[in-house]
Amino acid sequence: MVTLGIADDEPDILRLFKMMLGSKGYPIAYTAMNGAEAVEMHRARPADIVIIDYNMPYMDGLEATRTILEEFPNTKVFLMTCGEDIMDLVKGLRGVTILKKPFPFKAVIEMLDRLSSR
């Protein structure tokens, strides 16, 4: 079973992800409120997959993603964005999937199921 890290500066989004993914049996390694916290928590307890928001304080999700992938190259990342055109920014980053908000939660579960071969 893959473990997950979730980072979003909206507490309600974090609660929703924890509730929905937990109910599907996905273990949550950590939740973080900004990119810097996500990097710190990932170093302490690496997750197989990180679901991270692009727009966060202190360190945005893209910078956090780059740092995590540099230190943990086998980590997969779902980078959530509200439609900013970031495709050029993620070129060259292996293992990154862009999730354009709003997205159906079912799509996240389906991607996780495929990655974890359930």
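Angles between two directions count as roughly parallel under 35 degrees, as roughly antiparallel over 145, as roughly perpendicular from 65 to 115, and as oblique for the rest. Keep that in mind as we walk through this structure, which is a predicted model.

Let's start with helix α1 (residues 11-23) and helix α5 (residues 105-116), which pack at an angle of about 50°. Their axes are 11 Å apart. With that angle, α1 and α5 are therefore oblique to each other. The crossing of α1 past α5 is right-handed.

Which residues in α1 and α5 meet? From α1 come Phe 17, Met 20 and Leu 21, and from α5 come Phe 105, Val 108, Ile 109 and Leu 112. Sorted by class, this contact of α1 with α5 has seven nonpolar residues, with no polar and no charged ones.

**The sheet**

Now look for the strands. Five of them form an open sheet in the order β2-β1-β3-β4-β5, and the pairing is parallel. At the edges sit β2 (28-32) and β5 (96-100), each of which pairs on one side only. On average, neighbouring strands of this sheet are turned by 15° against each other, direction ignored.

Strand β4 (residues 76-81) is joined to β5 by five bridges, and the two run parallel.

| Helix | Residues | Strands touched | Direction of the helix |
|---|---|---|---|
| α2 | 35-44 | β1 (4-7), β2 and β3 (49-53) | about 155° with that of β2 |
| α3 | 61-71 | β2, β3, β4 and β5 | about 175° with that of β4 |

**A closer look at Asp 53**

Finally, let's visit a single residue. Asp 53 lies in strand β3. Is Asp 53 buried or exposed? Its relative accessibility is 5%, and a residue under 20% is called buried, so Asp 53 counts as buried.

What is Asp 53 in contact with, once its neighbours within four places in sequence are left aside? The contacts of Asp 53 are Ala 7, Asp 8, Asp 9, Gly 61, Leu 79, Met 80 and Lys 101.

Key: Residues are numbered from 1 along each chain as its sequence is written. This is a predicted model: local features need pLDDT of at least 70, side-chain atom pairs count only at pLDDT 80 or more; totals for chains, interfaces and linings use all residues. Side-chain values use heavy atoms; hydrogens and water are left out. Two strands pair if DSSP finds at least two bridges between them. Helices (H or I, at least four residues) and strands (E, at least two) are DSSP runs, numbered from the N terminus. Axes are lines fitted to C-alpha atoms, for helices over the stretch in contact, and angles run from 0 to 180 degrees between N-to-C directions. Contact means heavy atoms within 4.5 Å. A crossing is left-handed if the near helix is turned anticlockwise from the far one by less than a right angle, and right-handed if clockwise. Ala, Val, Leu, Ile, Met, Phe, Trp, Tyr, Cys and Pro count as nonpolar, Asp, Glu, Lys and Arg as charged, and the others, Gly among them, as polar. Buried means under 20% relative accessible area, exposed over 50%, partly exposed in between (1.4 Å probe, protein chains only).
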